[in-house]
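Please find below a note on the model under review. The points are set out by topic.

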Amino acid sequence: MKDPFFTQTLLDWYAEYGRDLPWRRTRDPYAIWLSEIILQQTRIAQGQAYWERFMARFPNVETLAAASEDEVLRLWQGLGYYSRGRNLLAAARQIVARGGFPDTLAEIRALKGVGDYTAAAIGSIAFGLPAAVLDGNVYRVLARFYGIATPVGSTAAKKAFTELAQALLPPDRPGDFNQALMDFGALQCTPQNPQCLTCPLAARCEALRSGRTALLPVRKPAGTVQTRRFHYVYIRCRGFVAFRRRGPGDIWQGLWEPYLEEGEEVRGFPGMKCLRSGVRHQLTHRILIADFYLLECEEKPLLTEDYIWIPEAGLDNYAKPRLVEVLLESL
Ligand code: SF4
């Protein structure tokens with residue numbers, strides 16, 4: 001342990017203030033893996049309900065592996081980043097095919113949808129492997145406490161922070177320490193207004209000593225956000241609607257949507273009515289601005305062959321992105 005004061009103080013803090021979460025009451029690697037995948041880009045408050053729903057429907061990896069992609073995506077609906085849902089299913093099938101959950105870092109890392117962070121989290125929490133996690137909370141706490149000004153997001157930062165976190169990791173309690181560090185960043189050493197007055201690390205915190213809590217961690221300048229313009233036409237024809245499944249290489253792979261034109265102008269169809277225009281939808285690296293139209297017709301218009309006609313009454317059976325749900329709500 002490189003810094004017994006830091007490590008022990010955090011573990012003590014965690015014992016008293018750590019969050020009581022259902023996946024922390026188990027060593028079942030399946031339950032822990034599921035929580036880590038759900039929480040990759042989702043807040044705990046929202047993710048917990050999804051975790052409970054998944055555990056109720058798929059109590060073990062075998063039941064999940066046997067599910068259809070549509071069913072998994074339907075249960076995933078609302079969480080966004082649907083590639084995570086697809087990877088979840090693919091990884092469940094990998095686990096079943098190899099005869100059980102892997103217990104080495106390299107094999108956990110080889111599961112679909114598992115990167116360095118998730119592999120370290122699962123490995124340390126479920127199997128006690130000595131692997132430090134690195135997320136936004138960990139960067140912030142370490143940058144402040146040790147006064148490190150290397151811009152987060154750079155390769156140099158990743159290397160330096162990984163080495164530091166790894167050195168601080170207590171070999172007998174790696175999982176607790178990783179979770180302690182993340183909780184501490186989420187609850188005590190928060191991005192804005194860290195609770196320095198009540199902080200057990202305050203006596204030796206470099207950011208507090210030098211008045212730099214608001215300046216650390218240093219961030220790389222953000223990239224530009226791309227804007228895309230979507231025009232959805234909900235085409236209803238004798239109880240059927242035209243939908244297609246989105247393909248690979250773009251957002252929302254595998255989800256279903258009505259007729260779409262993308263670009264500044266919409267060609268559309270004669271007789272279509274505008275339902276809403278300028279609906280903003282924020283994704284991580286892009287903003288979508290969408291217009292919704294309704295076309296009611298007796299004759300099915302000719303569409304490209306990726307669109308199929310599905311019964312409007314059965315639309316619930318198709319997993320759809322949130323933006324399409326908003327369209328359906330405005331009908
Ligand atoms: S003293 Fe403040 S900045 Fe330093 S670790 Fe504690 S909460 Fe974070």
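1. The model is predicted: local features need pLDDT of at least 70, side-chain atom pairs count only at pLDDT 80 or more, and totals for chains, interfaces and linings use all residues. Residues are numbered from 1 along each chain as its sequence is written, and side-chain values use heavy atoms, with hydrogens and water left out.

2. Helix 3 (residues 44–57) and helix 5 (residues 69–76) have axes that come within 10 Å and cross at roughly 150 degrees. Helix 3 is therefore roughly antiparallel to helix 5 (an angle over 145 degrees). Axes are lines fitted to C-alpha atoms, for helices over the stretch in contact, with angles from 0 to 180 degrees between N-to-C directions; helices are DSSP runs of H or I with at least four residues, strands are runs of E with at least two, and both are numbered from the N terminus.

3. Across this pair, Tyr50, Arg53, Phe54 and Arg57 of helix 3 meet Glu71, Val72, Leu75 and Trp76 of helix 5 (contact means heavy atoms within 4.5 Å). The contact of helix 3 with helix 5 comprises five nonpolar, no polar and three charged residues.

4. Leu216 and Pro217 are joined by a cis peptide bond, with omega about 0 degrees, and Pro217 belongs to the loop between helix 12 (206–209) and strand 1 (226–237). Asn193, in the loop between helix 11 (174–187) and helix 12, has a positive phi near 45 degrees. Most residues other than glycine have a negative phi, and most peptide bonds are trans.

5. Which residues does Leu328 contact, leaving aside its neighbours within four places in sequence? They are Tyr234, Leu315 and Lys320. Leu328 itself is placed in helix 13 (residues 322–329).

Key:
Parallel < 35°, antiparallel > 145°, perpendicular 65-115°, else oblique. Nonpolar A, V, L, I, M, F, W, Y, C, P; charged D, E, K, R; others polar.
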